[in-house]
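Visitor: I would like to go through this model with you, chain by chain and then residue by residue. Could you take my questions in turn?

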Amino acid sequence: MTTRPELRDTSGLLPAVAAVGLFVVMVLAFVGSPIGPATGFPANAETVNESLGDASLQEDASIVEENGSTLAVVQREGGNESTRLANETGVNATIVASGGQLYGVVSEPVSITASIGYAMFGLSDQAPDAVPAENFLALFEMIAVVLVAALIGAVMLARREEAGTVVSLFSTTDDESGATVAADGGSESDEFDGGDA
Amino acid sequence: MAVDVTYYLVLSAGLFCIGLAGILTRKNALMFLMSVELMLNAANINFVAFSLQWGNLTGQTFALFTMALAAAEVAIGIGIILVLYRNFDDVDVTDATSMRW
Amino acid sequence: MAFEFAPAIAALPFVSFLVALAFGDRMPKGGALAGILATAGSLLLSLWVFLTVSGGSAYVHDIHTWTVLDGGSVLNEITLHFGLLLDPLAAMMLLIVSLIALLVHVFSLGYMNDEGETGLPRYYAGLGLFTFSMLSFVMADNLLMAFMFFELVGLCSFLLIGFWFREDGPPSAAKKAFLVTRFGDYFFLVGVVGIVATFGTSRFAVGQGAADAAQAFPVMAAKALGVTEGTVSLAIPGGMDPQLWFTILGLLVLGGVIGKSAQFPLHTWLPDAMEGPTPVSALIHAATMVAAGVYLVARMYGFYLLSPTTLGIIALVGGFTALFAATMAVVKREIKQVLAYSTISQYGYMMLALGAGGYVAATFHLMTHAFFKALLFLGAGSVIIAMHHNEDMWDMGGLKEKMPVTYWTFLAGSLALAGIFPFSGFWSKDEVLYEALVHGLGTVGTQGTLLLVAYAFGLLAVVFTGFYTFRMVFLTFHGEPRTDTAKDPHGVRWNVKGPLVVLGVLAAGIGLVNMVPVKKLLGGAEIDFLHKWLGGPTALEAQTSVHHYADVLLHDAAGYSAGTLAGGEVGTVLISAGVSLGLAVLGALLAYRLYAVPEPVEHTEKLGSVKDLLYNNYYQDEFQVFLAERVTMPLAKAADTFDQGVIDGVVNGTSSVSLFSGRRIKRVQTGVVTNYALLLTLGFLVLVVAMAVTGGWF
């Protein structure tokens, strides 16, 4: 004979109601708050930017891939002027005109994780086209210390003392001498009960 | 089309409150600890959502650090539960009531 | 010039007090020499002041102003200060006090030092402090300062009565003395405050160079009633009739006087005060401290004369006390008890004189009584030394041959006390009765009748006085010795006999300064030296001189006038003197019949049921204890209940509220962590909702 599922017998419904109430309040606050559209991350970033000349030459400029490299070719009267843009093919190269000038631009998709890495170690000046972030080097060091401390703390808390032995992470000693403090609540022995008055 | 950040916030609020409900109602100390982890993760979601909102990677990086912190906290927490067990013979948080009036 | 040194009169005994207190145990006589030197110095300075005042100058001087109060629109500034007033009355009293203090100090060498008493530095320090306080009281120029020293002499009396504090009797007697006089002093204090609040000052007199603003309050009161010329603004409460208010003030101050001078009903402390050493009784409870009350009335006489009602009450109380105490003295066994009741009785005479308008008579009797009563007490002290501190007269007898100096001086004092011609007591007591008689006859209405009734009391007391005085003399000194101690008494030395001789001469002869009957017989010869002397310096003519009292105020304000019996003034004097002398001799002869036999026996059984009444002092002590237990105690208990229940209850209630609420609120800490988390959550929820609502998030 089974019984239907029941809620475990807790101290009433008040805790659950409190949690739900908090949720309702937070949702109401979030829904009603005026947050604008997301800025988002840039999809691409420029890696190479070469000036090709005047903007009027745009129809005569094109991207050519040959010999394992990408070139920007401008057709002039005297011949083709080619500017090497990258030493590999398959890159995203375009001709862009802005501000009355013509540029050959190679852009790559931005790497978020690379940017995170640069930011974390404080190498943002070595990263040319990273997404903006703050310098986290100090915090990185602090977290390292905290983790080490947590490890040591966990090991210390796990240290166990029984009658006559101390059990720790790497050692188990026998017959510990008298004056040890029972940090974990003590053992069954009555050796040190304070004596008689 | 990006997801509106409000949805992320609602999600994080929901996770937080689920974790809170766990803290308020669970008796087992390990379940207590798991609920705490849940709340931390809710906060993480919040960080990442706002990182996208402002276009700044600080949020995502900080979320990584928060994870590390959570790990450290769990290490100590497990140690405390161990000592609790040794003293009270059970991991029931409602049993350990020596420091009361 | 003498007046510049006047503060030293009081300062010297104060220095001896300090010396005895600090160095007494290192001094050979325990501080006695310091006291003797100091009082001798005071005596010389008092003599010098006396001579200067006789020469016609007076002295009113502020020594130190201790605060200035704002009296509002009516009274302007009220200055509270210490000052000296040296006029004839004060000079005379200074002389009396310092002389008797000196003699008592010398006597104490014999009574205390030679008898091997311990704690002498404390004794001489007490005497020094007392002398200082009494002299300062005498010299006080305003009522508030007088009150302060009035209280201080009361304190010294307490200290000295309770000198042998390790026994049961003295501390209890000291406490009783202090409490009974304090009860009277409460009314006195209210009176002082009333006077200061009404007049803006409590000065008795102002000097010649004083500013216009400073006036004496008796003078102001007389102006307010229209008795003397001048206008004055007073702050009389409730707009009541000034005469009524002055009567009330006078009666309030009279409360302190009645307590201090041991008049009925506050007389019960004086017989118990005999527990103190006999020199203390001689100094304090015979001659000086109990005189303070009478002196105060004399000092303020210009104020009292404005209220015939108060005067009548004073006379009636005095006359009644004279008779009342004299009846109790006739059955007492201890020699000092007889003298104590005698003191109460004689101060009754002085009050009678003051109430009847006899300022000179009262002052004269004050002086003679100081001398002969101190003499009698010192003589009793000599007898007590001889009898190894046994005071019971029925154990004495036959000391006449063994102690001649003591006997003859004691006899002189007794003759003065009884009022036998030509000793000093006769002249002064006779003048008291004469004044009461003539003013009683001459004044119309109930006032005159009142005075005559008081006169009758006083006259009847003369018989008893004569009787108990000579009973005392005959039982102590005459007949056969009734015990072994009396057969072989302890000898006394010069330090006991010397003061006795000095006082004996004074008691016998001082009456010559104011023999009014002789003056009247001789048709107005100028031999009433005291009367003329109290007329005093012209500077204080309109304030504290006897001319002002007798000529101006007595008739105009109090409405007294002198009447006569047959034969005009001379005849009245002779009749009055003859009657009082005759009654005194009658009492003495009765005592002679009963007690001047070799083997006297107690005759108190013949009094019948009256004997118990007299023996128990008319149950006055029991009555006062009854008042304390039945009237004061329930009031005190009610006040205590109010204090404990309401006032303490509020305080305790506050604390119990916090205790109770703490006991309830502490249960929040259940020790269960999830409960704490729940509280956190709920609190956070409430806060966020509140902020959201007020911040308009929704």
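**Charges, burial and contacts**

Guide: To begin with charge, the mean positions of the 35 positive and 46 negative charges of chain C are 8 Å apart. Lys and Arg count as positive and Asp and Glu as negative, while His and the chain ends are not counted, and each charge is placed at NZ of Lys, CZ of Arg, CG of Asp or CD of Glu. This is a predicted model, in which local features need pLDDT of at least 70 and side-chain atom pairs count only at pLDDT 80 or more, whereas totals for chains, interfaces and linings use all residues. Residues are numbered from 1 along each chain as its sequence is written, chains are lettered from A and ligands numbered from 1 in the order in which they are written, and side-chain values use heavy atoms, with hydrogens and water left out.

Visitor: How many helices and strands are there in chain C?

Guide: Helices (H or I, at least four residues) and strands (E, at least two) are taken as DSSP runs, numbered from the N terminus. The C-alpha trace of chain C spans about 120 × 70 × 55 Å along its principal axes. Within chain C there are 29 helices and two strands.

Visitor: What share of the residues of chain C count as buried?

Guide: Buried means under 20% relative accessible area, exposed over 50%, and partly exposed in between, with a 1.4 Å probe and protein chains only. By that criterion, the buried share of the 698 residues of chain C is 56%.

Visitor: Why is helix H12 of chain C described as largely enclosed by the rest of the structure?

Guide: Helix H12 of chain C covers residues 289-299, and its buried residues include C:Met289, C:Tyr295 and C:Arg299. The helix is described as largely enclosed because the number of its residues that are buried is eleven of the eleven.

Visitor: Which residue has its backbone oxygen 3.1 Å from a polar atom of the side chain of C:Thr181?

Guide: C:Thr181 lies in helix H7 (residues 169-199) of chain C and counts as buried, at 5% relative accessibility. Leaving aside neighbours within four places in sequence, C:Thr181 is in contact (heavy atoms within 4.5 Å) with C:Gly259, C:Lys260 and C:Trp269. The backbone oxygen that lies 3.1 Å from a polar atom of the C:Thr181 side chain belongs to C:Phe178.

Visitor: Is C:Thr572 buried or exposed?

Guide: C:Thr572 is in helix H26 (residues 568-595) of chain C. Not counting residues up to four places away in sequence, C:Thr572 touches several residues, among them C:Tyr434, C:Leu437 and C:Val438. With a relative accessible area of 0%, C:Thr572 is buried.

Visitor: How far apart in space are A:Val24 and A:Glu6?

Guide: A:Val24 has its place in helix H1 (residues 14-31) of chain A, and at 42% relative accessibility A:Val24 counts as partly exposed. A:Val24 and A:Glu6 are 18 residues apart in sequence, and their C-alpha to C-alpha distance is 25 Å.

Visitor: Which residues of chain B lose the most area to chain A?

Guide: In this pairing, 39 residues of chain B are in contact with 41 residues of chain A. The two chains bury about 3,500 Å² between them, 76% of it on carbon and sulfur atoms, where buried area is the accessible area (1.4 Å probe) that two parts lose on being put together, summed over both. Together accounting for 19% of what the chain B side buries, the residues that lose the most area to chain A are B:Leu57, B:Phe65 and B:Arg86.

Terms used: A polar contact is a pair of N or O atoms within 3.5 Å; within protein, one must be able to donate a hydrogen and the other to accept it, and residues adjacent in sequence count only if both atoms are side-chain atoms.
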